[in-house]
Amino acid sequence: MIRFIKSFLIFVVLYHILVTIVWYGVLGWAYPQLPALGRDGLWLLFFVIVLISNFKDIKAYLTTWKWPRIAFISIMIFWIGISFMKGKSVYDIFIGIKYGLLYLYIFLSATFIGHIRSSKTPWIVTHESWIWNFLKFLKYLLITTLFVWFLRQGLKFIWPDFFLHIGYGPFNDFVFWNKPPIYYLTWYKGTSRRQWIFSGPNNYGYLLIAFFPAIIFLLKTKIEKIKTLFTNDKQTIINLSILLLWILAIGLTLSRTACIGWVVALTIVNIQRIKKNKKLSRGIWILLLAGIVWLSILKWASTLGHIKAKFGSIQYVIQQPSWYGLWTSWPAVNYHGTILPENYYIQLMLDIGTIGFILWTILIWLIIRLAKRIQETMRTKEKTEQERYIYLIRKWLNIWRVCLLVMGIFLHVFEDSMINYLFFISRWILTWYLSTYIKKRD
């Protein structure tokens with residue numbers, strides 16, 4: 001089970017490159033929907049197999065975290081119902097669910113997998129336990145991805161003809177149905193942006209911010225009796241270099257949303273230092289804000305477009321607060337949609353209406369409340385060093401939740417399934433492991 005998950009996450013990391021080479025370079029993009037359907041179908045097939053082979057454990061699983069599942073099913077029924085009432089086709093509804101609810105399905109399926117795996121193994125964490133090995137795998141996957149794709153981006157500059165030959169298009173912005181550009185630009189003939197292995201620089205920025213707090217913890221922690229990746233002074237320098245490269249990668253995406261998420265993450269991580277050094281912190285935040293303003297000026301045409309899109313889309317919500325139906329706004333604009341709100345929350349209100357948005361908010365609140373319960377219980381229990389390590393990693397991953405809420409104001413943060421799979425599978429396997437662990441300890 002865990003072996004498949006590791007293989008699947010590696011496949012997800014390589015997904016954009018494989019699709020570009022095979023579908024653009026070899027097949028000429030004859031069937032553009034197949035790669036994503038194949039990837040999502042693979043995860044669904046795995047989940048169904050796990051479900052069937054562990055049928056006896058479903059009842060025990062359903063007795064925990066009951067209300068989020070009820071809320072999720074209610075949202076599905078409501079969204080599908082109102083979309084049919086608005087005359088949406090089955091295809092529109094299917095694609096609308098994919099971009100609006102896929103990440104929720106991913107985390108729910110990951111919780112069941114975490115439940116099954118945890119219920120069949122001892123709850124005592126050791127250096128040989130499956131959860132410990134999974135965390136080591138995740139750490140190496142993230143760091144390897146960072147290093148390898150720095151190298152790959154450099155090769156794009158050195159041998160651009162090779163990459164153009166295997167399926168990439170020229171320097172440009174994203175154009176649907178066309179080859180992905182070898183580099184994205186801030187505007188026509190503007191500054192190049194680095195998307196690395198992802199479909200776009202903003203998507204890569206989501207990943208970097210999603211795991212940024214956890215990477216800080218993984219690289220700086222010095223918990224006694226726990227083997228970390230680096231253990232001496234020389235390796236500490238390497239440790240710091242990885243962190244600096246991570247920050248550099250965020251900057252090279254030239255994504256304002258990623259930079260804002262980075263500032264939010266830094267603020268949360270260093271909240272105690274900020275309170276102790278208010279003047280120094282104020283100066284640092286002014287510099288960071290100046291950097292974001294400079295980046296907005298550098299991408300001035302894009303900045304104006306984002307502002308107009310956000311405020312312009314509000315009028316659509318006011319005109320029809322009930323709903324327009326799934327697959328109305330971004331990313332539907334690449335097909336037949338006309339509304340590009342550049343705001344995830346406005347997108348939800350356009351697609352599913354005010355009532356649907358309230359139901360979605362309730363679901364998120366239920367998830368946060370139950371996750372907080374796990375955190376409070378773990379904080380009050382005596383833990384071994386290994387158990388504390390796992391608890392703290394999940395705690396640091398939770399910082400992404402706040403970053404996500406802020407970043408959703410500026411872009412559509414759930415549009416990239418690669419990010420959803422990488423982050424939500426990892427986070428919710430840890431969440432359910434801790435949930436099962438708490439029950440067994442009690």
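This is a predicted model: local features need pLDDT of at least 70, side-chain atom pairs count only at pLDDT 80 or more; totals for chains, interfaces and linings use all residues.

User: Which residue forms a salt bridge with Asp40?

Analyst: Arg39 does, and the closest N and O atoms are 3.1 Å apart. A salt bridge here is a side-chain nitrogen of Lys or Arg within 4 Å of a carboxyl oxygen of Asp or Glu. Residues are numbered from 1 along each chain as its sequence is written, and side-chain values use heavy atoms, with hydrogens and water left out.

User: How many salt bridges does a search of the whole structure find?

Analyst: One.

User: Are Arg39 and Asp40 buried or exposed?

Analyst: Both are buried. Buried means under 20% relative accessible area, exposed means over 50%, and partly exposed is in between (1.4 Å probe, protein chains only).

User: What ring does the charged end of Arg39 sit over?

Analyst: The ring of Tyr15, at 4.4 Å from its centre. To count, NZ of Lys or CZ of Arg has to be within 6 Å of the ring centre and within 35 degrees of the ring normal. Lys156 is placed over a ring face too: that of Tyr168, 4.7 Å from the ring centre.

User: OK, rings then. How many aromatic pairs are there?

Analyst: The structure holds 21. Rings of Phe, Tyr and Trp (its six-membered ring) pair if their centres lie within 6.5 Å; planes under 30 degrees apart are stacked, over 60 edge-to-face, and the rest tilted. Take Phe8 and Trp43: their ring centres are 5.2 Å apart and the planes are at 40°, so this pair is tilted.

User: Where in the chain are Phe8 and Trp43?

Analyst: In distant parts, 35 residues apart: Phe8 is in helix H1 (residues 2-26) and Trp43 in helix H2 (residues 34-53). Helices (H or I, at least four residues) and strands (E, at least two) are DSSP runs, numbered from the N terminus. Phe8 counts as buried because its relative accessibility is 2%, and Trp43 counts as buried at 0%.

User: What about Phe47 and Phe112, how do those rings meet?

Analyst: Edge-to-face, because their planes are at 90°, with the centres 6.0 Å apart. Phe47 is buried at 14% relative accessible area, and Phe112 is buried at 1%.

User: Which residues do ring pairs link into a cluster?

Analyst: Phe4, Phe8, Phe11, Tyr15, Trp43, Phe46 and Tyr421.

User: Switching to the outside. Which residues form a nonpolar patch on the surface?

Analyst: Phe157, Ile158, Trp159, Phe162 and Phe171, with about 560 Å² of accessible area together. Of these, Phe162 is in helix H7 (residues 160-165). Patch members have over 30% relative accessible area and no salt bridge; like charges are joined within 9 Å and nonpolar side chains (Val, Leu, Ile, Met, Phe, Trp, Tyr) within 5 Å. The areas come from the Shrake-Rupley method with a 1.4 Å probe, and for residues only the protein chains shown count as cover.

User: And the big picture: how many helices and strands?

Analyst: The protein has 17 helices and two strands. Buried residues make up 54% of its 442 residues. It exposes about 20,900 Å², with carbon and sulfur atoms supplying 69% of that.

User: What does Ser313 touch, leaving out residues up to four places away in sequence?

Analyst: Ile339, Pro341, Ile346 and Leu350; contact means heavy atoms within 4.5 Å. Ser313 lies in helix H13 (residues 300-319) and counts as buried at 1% relative accessibility. Ser313 and Ile346 are 33 residues apart in sequence, with 7.4 Å from C-alpha to C-alpha.

User: Last one: what's the phi of Leu254?

Analyst: Near 55°, a positive value in a residue other than glycine. Leu254 is in the loop between helix H9 (233-252) and helix H10 (256-269), and it is buried, with a relative accessible area of 11%.
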